[in-house]
Amino acid sequence: QLQASGGGLVQAGDSLRLSCVASGRTSNTYTAGWFRQAPGKERTFVAAVAWSGTNTYYSDSMKGRFAISRDHAKNTVYLAMSNLKPDDTAIYYCATSSQLMPRAGSSYEYWGQGTQVTVSS
């Protein structure tokens, strides 16, 4: 199971850190990722991190403002977001995959419930 948290209402320029705690069996997990879905739009890839290492991969549009990381001891994946913009408003989902650093949502087998991020101008 994946439990995402940390969303909220912030102003443009603010920072926010999302958390995703994984519980249960994770032995077949190779990658943890974050996706987001804005109102009326398709779900898009944000970033991914290797489950057992430190390799990361970002969507080009997120690079520089977003940072994904993982705390192995806590089985938690974080998404630190800075200089937030109104266009970042979306539901953010964490997910895990048995594949190595995929970008497509269809390659992720387990999904959290999502956490809402709203950025006001």
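A charge is taken to sit over a ring if NZ of Lys or CZ of Arg is within 6 Å of the ring centre and within 35 degrees of the ring normal. In this predicted model, the charged end of Arg43 sits over the ring of Phe35, at 5.8 Å from the centre of that ring. A further arginine, Arg70, lies over the face of Trp51, where the distance to the ring centre is 3.7 Å.

Contacts between aromatic rings were examined next. Six aromatic pairs were found when the whole structure was searched. In the pair of Tyr93 and Trp111, the ring centres are 6.5 Å apart and the planes stand at 75 degrees, so the arrangement is edge-to-face. This pair links distant parts of the chain, since Tyr93 belongs to strand β9 (residues 90-97) and Trp111 to strand β10 (residues 110-111), with the two residues 18 apart. Tyr93 is buried, its relative accessible area being 18%, whereas Trp111, with a value of 27%, is partly exposed. Both residues belong to one aromatic cluster, which is formed by Phe35, Phe45, Tyr57, Tyr93, Tyr108 and Trp111.

A search of the whole structure also returned one disulfide, which is formed by Cys20 and Cys94, with their sulfur atoms 2.1 Å apart. The link of Cys20 and Cys94 is right-handed, with 65 degrees about the S-S bond. Distant parts of the chain are again linked here, as Cys20 lies in strand β3 (residues 16-22) and Cys94 in strand β9, 74 residues apart. Both Cys20 and Cys94 are buried.

Key
Residues are numbered from 1 along each chain as its sequence is written. This is a predicted model: local features need pLDDT of at least 70, side-chain atom pairs count only at pLDDT 80 or more; totals for chains, interfaces and linings use all residues. Side-chain values use heavy atoms; hydrogens and water are left out. Rings of Phe, Tyr and Trp (its six-membered ring) pair if their centres lie within 6.5 Å; planes under 30 degrees apart count as stacked, over 60 as edge-to-face and the rest as tilted. Helices (H or I, at least four residues) and strands (E, at least two) are DSSP runs, numbered from the N terminus. Buried means under 20% relative accessible area, exposed over 50%, partly exposed in between (1.4 Å probe, protein chains only). A disulfide is a pair of cysteine sulfur atoms within 2.5 Å.
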